[in-house]
Structures are given as structure tokens and as C-alpha cells.
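Colleague: I have a model open and want to learn how to read it. Can we go through it feature by feature?

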Amino acid sequence: AQVPMVGYLSASRSSEALNFLRLQSCPHEQPDCQKHCEGQTDGAPCQVFSPLRDVTLWATLLEPGQRGPLFKSSADILQLYGDHQVYFCHVHVGAEIARVEFPEWVVHDSKLFNAALSLTLTQVQKGFGYPVTLAEAHNQAVVRGGDRNRFFALLEQQMIRAGLQNVGTSYKEARKRGSIA
């Protein structure tokens, strides 16, 4: 349908872009964290940027309206996306540095990509610092009981898949989710 899809993350806590800098700070000729630094979490040489976040770095480099370079995301959740890839960049939208994500097919079409960026900036300007469409969607969102139950079932499945035990719902949570009447 040639719709320029965009994901907008406000106040992102990601450090995915900084991981590329971590590669440069590795003192080993062939970076291999498991071989050279296994068990080191805070003391590993590549952790010089920790706990710095991507938005902190880009806040020092970008002017309002500018974007940083595109990165191909390596987030673990993408394993569930099949062949679909997600790219992201950071954009100085005036009030903040936002992480803006795009499906691969948008990135490879310069017309769609530029339209997506332009629409995002316009929405942020109209929303006085936050995309007006997202603010409206939030205000209009209604989560029905069946949707809520399905969400919690999916969440529990993923927690079990990740190896967590005792995933069942607590009495307190069950009371919060259910009706008293």
C-alpha cells in the first residue's frame, strides 16, 4: 500500500547505537565477549560507555530537525519477526531526541523514508513536542476484557519460554484483573 510506517519511541532507554562504539573500544584483535571477557559485566573494557544511553549521545550531536545515521536493529524481539528487519535512527524533534523506527521496505524507498521522517516531525510540531496522532490514539484507546486476557496469556507464554518459573498470577493480581461483582 506504500504507507510510510514509523515507530516512535519517546524517552528511549536503548543503548543499541552505542554498541557500535563498544566494538571500537575492544582491545582484542577479534572481538569475542564470551571468549575474552566471560563473566565480566561491569569491568569489561567495552563497557566504558555504560550506563550512557543513545539519546544522551545524540543530544550532543544533533540540532533540532536533524537525524542521526540509520542503524539496523539487533534487538532480541526481532527473532520473532521472521524475515522482517527494523531500522532506526535518532531524531532531534525539538523537545527531545526520539528513536524513530522503520520497516526495512520503508528505508529502501527514499521517497517513503523521507515522507516518514517529514510526517513524524510534523506530528511532533502539531503535538507540541509529542506526535499528536499518538496522543490521540492513547486518549481513545479502549482495552476490552478479552484483549486484556489474551495479552496476559501471551505475556505468560513468553515468560515461560524465557525460562522463568512460578509465572502464575498472584491473588492480588487476579483480584485487580477481575471484577468484584
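Colleague: What does the accessible surface of the protein come to, and what share belongs to carbon and sulfur atoms?

Modeller: The model is predicted, so local features need pLDDT of at least 70 and side-chain atom pairs count only at pLDDT 80 or more, while totals for chains, interfaces and linings use all residues. Residues are numbered from 1 along each chain as its sequence is written, and side-chain values use heavy atoms, with hydrogens and water left out. Accessible areas come from the Shrake-Rupley method with a 1.4 Å probe; for residues, only the protein chains shown count as cover. Here the surface is about 12800 Å², and 54% of that belongs to carbon and sulfur atoms.

Colleague: How many helices and strands are there?

Modeller: Both are DSSP runs, numbered from the N terminus: helices are H or I with at least four residues, strands E with at least two. This protein has eight helices and four strands. Its radius of gyration, taken over C-alpha atoms, is 20 Å. The C-alpha trace spans about 65 × 45 × 30 Å along its principal axes.

Colleague: Which strands does E4 join, and how do they run?

Modeller: Two strands pair if DSSP finds at least two bridges between them. E1 and E4 run antiparallel, with three bridges. There, tyrosine 8 has valine 100 in E4 as its bridge partner. Strand E3 (residues 86–92) is also antiparallel to E4, through seven bridges. Valine 91 stands opposite alanine 98 in E4. The E3–E4 hairpin has four residues between the strands, and glycine 94 takes a positive phi near 105 degrees.

Colleague: Is E4 mostly covered or mostly open?

Modeller: Buried means under 20% relative accessible area, exposed over 50%, partly exposed in between (1.4 Å probe, protein chains only). In E4 (residues 97–103), six of the seven residues are buried, so by this definition the strand is mostly covered. Across the protein, buried residues make up 25% of the 181.

Colleague: Why does methionine 5 count as partly exposed?

Modeller: Because its relative accessibility is 48%. Methionine 5 sits in the segment before strand E1 (7–9).

Colleague: Which residues make the nonpolar surface patch?

Modeller: Val3, Met5 and Trp105 make a patch of about 300 Å². Patch residues have over 30% relative accessible area and no salt bridge; like charges are joined within 9 Å, nonpolar side chains (Val, Leu, Ile, Met, Phe, Trp, Tyr) within 5 Å. A salt bridge is a side-chain nitrogen of Lys or Arg within 4 Å of a carboxyl oxygen of Asp or Glu.

Notes: Rg over C-alpha atoms; globule rule 2.2 N^0.38 Å.
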